[in-house]
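Subject: Two-chain model for your files

Dear colleague,

I am handing over the structure below, and after it you will find my notes on what came out of the analysis. Please read them with the structure open beside you.

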Amino acid sequence: MPDSIITAEMQSLVGHEVDEGVAEVTTTSCRLFARAVGHTDPIFFDDAVARARGYRGVVAPPGYLGTPVGDPGVRSKIPVPTSIAGLRLPYRRTLDGGTAYEYLEPVVAGDVIASRSKITRYEERVGSIGPMLITYHETSYTRQDGTLVARMYGHIIHY
Amino acid sequence: MTLTTQQVYFDDVHEGDEIPLLRKACTLQQLVMWAGASGDFYQIHFDPDFARGVGLDGVIVHGGLKHAFLGQLLHEWIAPGGSIRRFGCQFRGMDYPNQELLCRGVVTRTYEEHGQALVDLDVWIENSAGVRTTPGSATVVLPRR
């Protein structure tokens, strides 16, 4: 096992919440997302159908919240939470290790969602691709009326 | 719009049931559509030279898209009356465009909690060689009859 690359500064970031910005969920972005995935349910495209099925508007498809659409910051690499993007690491490559959502309320076009992320822990490991740092993170999503609508748990692998 | 499937009810679901398979054959065009829709413009997902330059065999499918495919698998099973409570997956293996991806799920538990009828599932994507590149799990709420 190589020496740990986790610095005191990195350790101090654990549990520290970072503002990830506020984004409006729009009808067009829901449709784009649904079309790219291949969804055919009209609740992701048609406002009238969505309302007839009991939603407040066009529904954001599963996974929508993890995407950085609307973020004016240029992100040419994997979309990682700001808290992780700021880490100075000796590894060049990044992989998204996985992601899980907990959905508390439907998210629909017109919602304005504030996201806050934090690093929850690090893990160092030597795997088939060599030494790696796994950074576990968590993001909360809150609607403009203050309702927590979802949480996301993920881990990013640097190697 | 093909989503006219019959509602699945909690009463009819049992541990071990396999849910209907979703087949996705991801083209490079779809990866480009996903890049635009998601805002993930990392070049390993559309630029073969860039992908090889960082040691990959070629362009790979976005993890976020595979996650969203599993979301579609679940949605099509539970719609219109069910809802996804939780779902997630791990990106264990890489997948490449123009290969068929099979999105699958099996019921692991049915139970009630706070008056809601819940179903836990294992969900995953396997490639044409049968390798589960993207294993995950989910909890959904289903209506009762």
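Chain A has four helices and five strands, where helices (H or I, at least four residues) and strands (E, at least two) are DSSP runs numbered from the N terminus. Taken from the N terminus on, the elements of chain A follow the order α-β-α-α-α-β-β-β-β. This is a predicted model, in which local features need pLDDT of at least 70 and side-chain atom pairs count only at pLDDT 80 or more, while totals for chains, interfaces and linings use all residues. Residues are numbered from 1 along each chain as its sequence is written, and chains are lettered from A and ligands numbered from 1 in the order in which they are written.

Confidence in chain A

The pLDDT, which is the predictor's confidence in each residue on a scale from 0 to 100, has a mean of 87 over chain A, with 88% of its residues reaching 70 or more.

Of the 159 residues of chain A, 35% count as buried, a residue being buried if 20 or more other C-beta atoms lie within 10 Å of its own, exposed if 12 or fewer, and partly exposed in between, with C-beta atoms placed from the backbone. Among the contacts in chain A with a separation of 6 or more, 69% are made by residues 24 or more positions apart.

Between the chains, 35 residues of chain A are in contact with 34 residues of chain B. On the side of chain A that touches chain B, the elements giving two or more residues are α2 (27-37) and β2 (94-103) of chain A, and β2(A) gives the most, with nine residues. The residues on that side divide into 16 nonpolar, ten polar and nine charged, where Ala, Val, Leu, Ile, Met, Phe, Trp, Tyr, Cys and Pro count as nonpolar, Asp, Glu, Lys and Arg as charged, and the others, Gly among them, as polar.

β2(A) pairs with strand β2 (residues 83-90) of chain B in the antiparallel sense over five bridges, and two strands are taken to pair if DSSP finds at least two bridges between them. In this pairing, E102(A) stands opposite R86(B) in β2(B).

Ten strands form an open sheet with antiparallel pairing, in the order β1(A)-β3(A)-β4(A)-β5(A)-β2(A)-β2(B)-β5(B)-β4(B)-β3(B)-β1(B). Its edge strands, each of which pairs on one side only, are β1 (18-24) of chain A and β1 (22-25) of chain B. From one strand to the next the twist averages 20 degrees; axes are lines fitted to C-alpha atoms, for helices over the stretch in contact, and angles run from 0 to 180 degrees between N-to-C directions. Helix α3 (residues 63-78) of chain B packs on the sheet, where α3(B) touches β2 of chain A together with β1, β2, β3 (100-113), β4 (116-126) and β5 (132-141) of chain B, and its direction makes about 145 degrees with that of β2(B).

Within chain A, strand β4 (residues 130-143) and strand β5 (residues 148-158) pair in the antiparallel sense over ten bridges, and T139(A) has M152(A) in β5(A) as its bridge partner. The covered face of β1(B) holds L22(B) and K24(B), whereas R23(B) and A25(B) are on the uncovered one.

Helix α1 of chain B

In helix α1 (residues 28-38) of chain B, the residues Q30(B), L31(B), W34(B), A37(B) and S38(B) are buried. Seen down the axis of α1(B), these buried residues fall within an arc of 125 degrees, so they line one face of the helix; the arc is that of the directions from the helix axis to the C-beta atoms. They pack against α2 of chain A together with α3 of chain B. After α1(B) comes G39(B), whose phi is positive, near 85 degrees.

With kind regards

Methods
Contact = placed C-beta atoms within 7 Å.
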